Structures are given as structure tokens and as C-alpha cells.
Amino acid sequence: MTTVELRSVRKTFGDFVALHGLDLNMTDGEFVSFLGPSGCGKTTALRIVAGFELPDGGSVLLDGADIENAPPNKRDMGMVFQDYSLFPNMTAIENVAFGLRVRGQSASQMKETSGKMIEMVGLKGKEGNYPHQMSGGQQQRVALARALAIQPKVLLLDEPLSALDAKVRVSLRNEIRVIQQELAISTIFVTHDQEEALTISDRIAVLSQGQLEQFGTPEEIYRHPATPFVAAFVGESNIFHGTIAGTDDAPSVRIGSVEMPVQQAAGRTSGERVRVLTRPESTYLHVTSDGDRKGIPATVVSQQFQGARTRILTHLDHVEDPGAVILTDVTGGGHDHLSGGVQVDVTFDPATALVASAEELESATVAQ
Ligand code: ATP
């Protein structure tokens, strides 16, 4: 049973605030990703958990106990870095055994544990290879085996896949997840790659400029982004320009001449200029029939067949931002009735549409 908690963790470097009081609570065996753009503070947060950096304020708790005074090697954590960091003069199995030797295990125990670890990461037969005789993916497997050999309470992964090519990255990330679930080990995974985080995590902590934007499951983060930053950073979003209309009980946004219902306009005043962000698969097209308008008038520009789905690009007619391209994803092929030049009405799912002010959206985009 291992829980990790960050309470109001604050970190400054000189005048620069890298973390503004981070609160996070990880449950036992959970796989949590720290996701955000370069410089958002995710590595700093991980290094504070590992004990390589000390916070200026707040605390880190392991199983409920403050570990402020524990040095990194007493925290029971295994770490994997972006650049493998293997000992070049040691073979794969010697690298894996290193932590066990430091902990005073006997030669036979070391051999057994490291052999098991090498097998678990799929490197049986490569025990005697030196790092320079292995590919990047193989070296990172050794690093993973080395981190796990000491049976840590927590596994810390600092962008472990970013030095690998695309194919190896995908296969190794799947293997990491399988091993993590088999061992049920609480894991923190730092990445700037949203697809990676969505695929591999139980929950994702999205960070921007040293602050937590949202902490939730991949589905919550994708379907219900809490802030414009999350909507813009994770996945793709359409942006509609409009003004707040409707009533508190039935809020809507006027886009061009059409009022579209929304659910998240609390606290905004009538007439306020806003942006509505929607996901391509929650944005819908209806072929216009005479006199029966269903949504925002638009014209289909083109289609992109993408295998399991087709992406349809439209231009909105008669609105404040006429150049905007709206993306709609529909499943499968056979959407010939939505070819270039066809007049359509655009609607979106009010439950998942995010309403933001122009300023909020602009600062979110700058932060990326
Ligand atoms: P990246 O993916 O680029 O590593 P990150 O989100 O992991 O980004 P951090 O490495 O945590 O970001 O850095 C957060 C901010 O703190 C950055 O602006 C960085 O320049 C700054 N920073 C980190 N370490 C130090 C340090 N030792 N001294 C001064 N500034 C630092």
C-alpha cells in the first residue's frame, strides 16, 4: 500500500516561481502522468518527490508520512531518466544488479532478482551486453529493470520515451503500462506528449506555468477540460467567437445570428464576448434544407479520409471570425453528401463545450 501526496508544494529558483503550491493526491498503485509544455514545472515536481530538490514550502507525504528529511536513497523510489543513464562499463545484468549490491544483497540473491527483472523487460539473452551494444529502447528497458529491481514503493519516470523513435516509443510505453499494472506499483510519469499521457495513465495532472490546471482521468481531461489551457493543450479544439445570451437557467452563446445552448456560462454577463471550444467529434454537421436551420451556417471546404474516421473541414458563413476552419469528425467513410461547397449547419454538444473569455484563451495559448 503506497500513497503519495503533494501538499502546497512551492519551488522557486531565485526570483522565478517554478511551482506555485502544488496539491496532488495519488492512490495506491495509481499511474499518474505530469503533463505540460516545456518549463511548466513537471520535472521539478518529480525531482521534489524523488528528493533531488527540496521545496521552499509545502510537503511530500509517502503513505501519510512527511519525507522532507529523507535523502533520495532512503525514499524507496526507483527512477528512470530520459537519457537512460546506464553505467557504460557494466553489462545489462550488472547495471540491474547495481542497486541490489548497494543494498548488500548476496551474490545469489542478486543473480536471481536481476535475472527475473531482465526477463520481465523482455531482454532475456542480452544479460551480457554492454550499453553500447544495445539499442536505445533496450537500454531504456535495462534502466527500467534497474529501477524496479530494488522493489521500490514508487516508480518515477522522467520523459523515459522521448529519446526513442516513434515505433519503439509506442511499444515500450505499452510494456511499461503492463509491467506497472502487474506489479501494481504507484508510478509518476513525466511527459509533454498528450497522446502518451492519455493512453497510459489512470489520472493526468496537467500543469502550466507552475500551476495545476486539472487533475483527472484521461477521459475527464479530454471530454471535460476544466480550463481553456487544458482544452487547447490536450487534443484538438474548434474555437467559435460569440457573445453570452440566454438566461441563467438556459444559458446560450450567440454565434453570428444563431443562439447555441451551452452549459458552462455561470458567472458571465449577457453580451460578454466569449469563445466556445468544442472537440471535433462533439461538433456536428447537418445538411441545410430550405427554411429549416439547425445551427450555425457554414460551407464544407474539404474532407480528409483518415481510416476509422473522416474529418470534415468547414468555413463558418457570416460570423465575426469568417476565416475560422471548423473540424468535424465522423466515423468511417461514405460521407459523399458532405463534399466541398455543400451548405451545412454546425452544432455542438452543449455538455462538453467549454466557454472562455478571449483573454483566458489568449493567455492559455501563449502559455503553450
Ligand atoms: P522540460 O520538459 O523542458 O524539462 P519541465 O516542465 O520539466 O520542462 P522544469 O524542468 O520543471 O520544467 O522547469 C520549470 C522551470 O524552472 C523552467 O523555467 C526552468 O528553467 C526552471 N528551472 C528548473 N531547474 C532550475 C534550476 N536548477 N535553476 C534555475 N531554474 C530552474
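A polar contact here is a pair of N or O atoms within 3.5 Å; within protein, one must be able to donate a hydrogen and the other to accept it, and residues adjacent in sequence count only if both atoms are side-chain atoms. This is a predicted model, where local features need pLDDT of at least 70 and side-chain atom pairs count only at pLDDT 80 or more, while totals for chains, interfaces and linings use all residues. Residues are numbered from 1 along each chain as its sequence is written, and side-chain values use heavy atoms, with hydrogens and water left out.

View 1. Start with Thr43, which has a polar side-chain atom 2.6 Å from an oxygen atom of the ligand. Thr44 also puts a polar side-chain atom by a ligand oxygen, at 2.5 Å. Gly39 uses its backbone instead: an N or O atom there lies 2.7 Å from an oxygen atom of the ligand.

**View 2. Helix α4 against helix α5.** Helices (H or I, at least four residues) and strands (E, at least two) are DSSP runs, numbered from the N terminus. Here α4 (residues 136-149) packs on α5 (residues 166-183) at about 15 degrees, with the axes 11 Å apart; axes are lines fitted to C-alpha atoms, for helices over the stretch in contact, and angles run from 0 to 180 degrees between N-to-C directions. That makes α4 roughly parallel to α5 (under 35 degrees is roughly parallel, over 145 roughly antiparallel, 65 to 115 roughly perpendicular, and the rest oblique). The crossing is right-handed, meaning that the near helix is turned clockwise from the far one by less than a right angle. Look for Leu144 and Leu148 among the α4 residues that meet α5, and Leu172 and Ile176 among their α5 partners (contact means heavy atoms within 4.5 Å). By class, this contact has 7 nonpolar, 2 polar and 2 charged residues; Ala, Val, Leu, Ile, Met, Phe, Trp, Tyr, Cys and Pro count as nonpolar, Asp, Glu, Lys and Arg as charged, and the others, Gly among them, as polar.

**View 3. Helix α2 against α4.** The axes of α2 (residues 92-102) and α4 are 8 Å apart, at an angle of about 25 degrees. So α2 is roughly parallel to α4. Ala92, Asn95, Val96 and Leu100 in α2 meet Val142, Ala145, Arg146 and Ala149 in α4.

**View 4. Helix α3 crossing α4.** The axes of α3 (residues 107-120) and α4 come within 9 Å and cross at roughly 135 degrees, which makes α3 oblique to α4. On the α3 side, Thr113, Met117 and Met120 meet Ala145, Leu148 and Ala149 of α4.
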